[in-house]
Structures are given as structure tokens and as C-alpha cells.
Amino acid sequence: MRIAHINVVSNVSTGRIASDLCRLARKAGHQTLFCYGRGPVPVGIPSLKIGDTPDVTDGLPTRRSGAPARFFRKLARRVNNLSTTAGILLHAGLSRITDRSGFYSKAATKRFIRQLRRFAPDLIHLHNLHGYYLHLPTFFDYLKTSNIPVIWTLHDCWAYTGHCAYYHLPIKPYLKPEDAPAPSAPSQCLLWQKRCNHCPLQKTYPISVVMDQSARNHTEKKDLFTSLSNLTLTTPSQWLRNEAAKSFLGRYPIHAMPNGIDLTVFTPCADERRMQDIALFYGLDQLDGRRMVLSVSAVWDDRKGLDHLVELAYALGEDYCVVPVGLSQSQIESLPDIMLGLPRTANVNDLCVLYTAADCYVSLSQGETMGMTLVEAMACGTQVICYDTTAMPEMITPQVGEVVPVGDITAAADAVRRLCDDPKDPLFCIARAAQFGSNLRYEAYLRLYDQVVHPKA
């Protein structure tokens, strides 16, 4: 089987998931092509950067000793990379003005389709199509006319909204029950269930600072995405499956298939010397015996709850230190002295050391379609806490942690104290994470590939 994966990035988050699926499929004997919008080239798998023009060097001499040929090939690659980057920047810039993310990059998309036809896929697996690199009408016209079976993994909610990737309205943290939001007040925008308009989340990704075209986007995305006759959807959680089923995508089969993690990478660090070196490198010696409450995110926006973590740090007091990881320099400088803010780690191994060193892992995010960092922390033997919203509670059992009401900082602080005073067994945490091992989870995708391409069999 020839399988093409399409995603905005190649090496982090959803890119890591898609590349892992490519590797597993190749190991099973399939041919794969990883098509991506930006970022470094994925290691060990055939790939294609969307917008690239690999034919720019066609006709040049290929003998190894030809210095002029090498020079022109190198020059062509540099010009091509510049044009690809410029196209993404132009798409992003126009989207910030017009609110039309996904409706530019037409020339790059046509070029990509020509290259994809040469690969002649039997199956196309879509991931994140947003990210300023595809022209949706052109791409879905190709999918419709080619009638190639399509699997689309929804990593967020963007596919069925008129603008946003997450439609959860920010909730301010509260310390007293009487300060909690009224039960009748929705914590999420529900316009997408009928027709988006007057978007309350226009300033969230993909940001539009001028126009609001959420109504037009919602209508056109519905027309495009429901034009396919051979489409199967997957989601990383039951929560997102239920949400997508309420949208215009609900006419298609939707399978809840959690993402997997590499359990050979995410594992407790047993090397004491490395633990000490990483602790010194990231400044954990500043904890001075305080209990470490860790929280990790690739990007800290309002949805991720950095302001909630600040309130949690004050509620816990001087015996605890809340340590958010993945912050920008300005975010680090804005934190109070009682917290220790860290930038993104240099590699996954360093992150595993931090997970292992933590007394407790906390996610105060207000919207997640799975909650991968919860699973990563458990794989390193660390107990976890999250809010009772979206998909995160699906990851946690009473044997590995606690779930607290969204926004309730007092409840979160009490849960941290309980777990630190009476910790969960690390072996239970590791066993829970093992249920999300990449081999186990992604083999289910191989079975789905066969079902979609060979439905009668």
C-alpha cells in the first residue's frame, strides 16, 4: 500500500505522531511519503516539503566531481527554501488581515498536487491542514476528483469551526466556591454547531486582527470537507469524537483512537548523575527542598492556563515550587519569584528527567483533545492532576492522580498536597501510560488502513 501523510510540521507534536505512523507503516511493508508545510526534514522516512520545487535542478549534471553543478543545485535549494518560507509568511500575513486561513498558497498547493500524483497514493492520511501552507479549495478538489480513500485525524477542533482550533472561552481562576462561574454560563462557544458568526475568539490562533469572516469560513469549509465520498475521521479522544459528531462532519464514520508515545523514550530516569546534571543545568537547585510541581507546554497561551498556575503557586505557599516548562523569555521574566519558569527543553531526554524529578505533574489547561503531557508524565512514574474539562479526565484513573473542577485553584492546591503527602505508586502510573504505547496504538491505524482501502475484505 502507498500511503501519503500530510501535516503542517514534521518534528514536534502532531508531526511526531504522523512520522511515527509513517515509520510503523514502512516497517509493516507499506510505502509512505510524509508531506509537511514547514520545519526540519523528518529523519529516516521519505518526505516532501509542500511548496518545494524539486524539479528546479532537473537537467543539471549529476557527476560528483562537478563543482558548478553542486553550486547550482545548492543555490536552487536555497532559493526554493526562501520561496517556501515567503509563501507561508504571506499566507499568515494575509490571514491576520482577512481571517481566511487556508484560502491562500494556491500555486504551492497546485505544485504539491503534481508531486503527489507522481507518488500515486492508495490512501491519504490527513493531519493538521491549518498552518498557512495549503489552499483548501484546490486541495479538496483534488481529493474529490481522485476519489482516493482519505483518513483525517482531527488533532484539534479547527476542521469544523469557522475560525478557531479550540473554542473554549477563558475561565478566570477562582479560590472560593462562591466565585465560581455560574453553572448556566457556558465555558465554550457553541456557534460551530449551527453556523459560526461574530467570532468571540477571533484573536486566537489562527489570529485575525482586522476582519471576522468566520461565517464565510464555516460555510465554505462545510462545503469542501463534506464533498468527499470516501472519508473516515479519527480523534485522539472520545470527547473530541462526540464533539465532531455534533458538527457537519458527523455524517462520516468517526473512530476514537488515542495517540501513542514512545515508551522507550518516555521512561523514568534511573541515572543519578544525569539527574544531578540536568537539575543543575535547569536551576532546580533553586527549589531548596521545596516540592516540585511541574507543568509542560510547547506554547503557553491563555487556554493553557499560565495565570492559573501563578494562582496555584500562591495557594500552595512556600513549601512548594510550581515549575512551568516551555515558556518564552518574556513569560519567564513575568513570573513571581515563588515560581521557577523554564524554556523549552533541549531534547526529550531532558524533559524525561524533569518529569521524573517532579513530585507531581499538573495540567491546568482549559481545553485539550487528549492531554499527551499527562501520559508522558505518567510514563516517567509521576502522578498527575488535571481539570475536569474536555478530554483530559479520560487519561486519569484514581490510581494515578486526581481530577478537579476547572478554575478551582483551592481544589487543585488541595489535590497537590494530598498527592505529595500520600503519593500514588509510580508503577501504577507507568502501567497506565503503557496503555498508550505507540506500537499498541498505531497498529490500530494499520488495521484501519486495510479496512478503508479494502472494505470488502
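In these legends Ala, Val, Leu, Ile, Met, Phe, Trp, Tyr, Cys and Pro count as nonpolar, Asp, Glu, Lys and Arg as charged, and the others, Gly among them, as polar. The model is a predicted one, in which local features need pLDDT of at least 70 and side-chain atom pairs count only at pLDDT 80 or more, while totals for chains, interfaces and linings use all residues. Residues are numbered from 1 along each chain as its sequence is written, and side-chain values use heavy atoms, with hydrogens and water left out.

View 1. A cavity is a set of points on a 1 Å grid over the protein atoms alone where a 1.4 Å probe fits but cannot get out; lining residues have an atom within 4 Å of a point. Volume is the space filled by probe spheres set on the points, which are joined across faces, edges and corners. The structure holds five cavities of 30 Å³ or more, and the largest cavity has about 80 Å³ of space. Of its 13 lining residues, Cys164, Cys189, Cys196, Cys199 and Pro200 are the closest to its centre. The lining has eight nonpolar, five polar and no charged residues.

View 2. Helices (H or I, at least four residues) and strands (E, at least two) are DSSP runs, numbered from the N terminus. Buried means under 20% relative accessible area, using a 1.4 Å probe and protein chains only. Six of the six residues of β9 (residues 320-325) are buried, so the strand is largely enclosed by the rest of the structure. Tyr320, Val322 and Pro324 point one way, and Cys321, Val323 and Val325 the other. Strands pair if DSSP finds at least two bridges between them; here six bridges join β9 to the parallel β8 (residues 291-296). Look for Val296 opposite Val325.

**View 3. Helix α11 and its cover.** Seven of the eight residues of α11 (residues 372-379) are buried, so this helix is largely enclosed by the rest of the structure. Among the buried residues are Leu374, Glu376 and Met378. With contact meaning heavy atoms within 4.5 Å, the cover includes β8, α10 (348-357), β10 (360-363), β11 (384-387) and α13 (426-434). Just after α11, Gly381 takes a positive phi of about 85°.

**View 4. Ile409 and its contacts.** Ile409 sits in helix α12 (residues 409-421) and counts as buried at 0% relative accessibility. Not counting residues up to four places away in sequence, Ile409 touches Pro173, Tyr174, Leu175, His308, Glu311, Leu312, Ala315, Leu364 and Tyr387. Ile409 and Gly317 are 92 residues apart in sequence and 13 Å apart in space, C-alpha to C-alpha.

How values were computed: 1 Å grid on protein atoms, 1.4 Å probe; cavity = no way out; pocket = protein on both sides within 12 Å on 5 of 7 lines; lining within 4 Å. Buried < 20%, exposed > 50% of the residue type's maximum accessible area, 1.4 Å probe, protein only.
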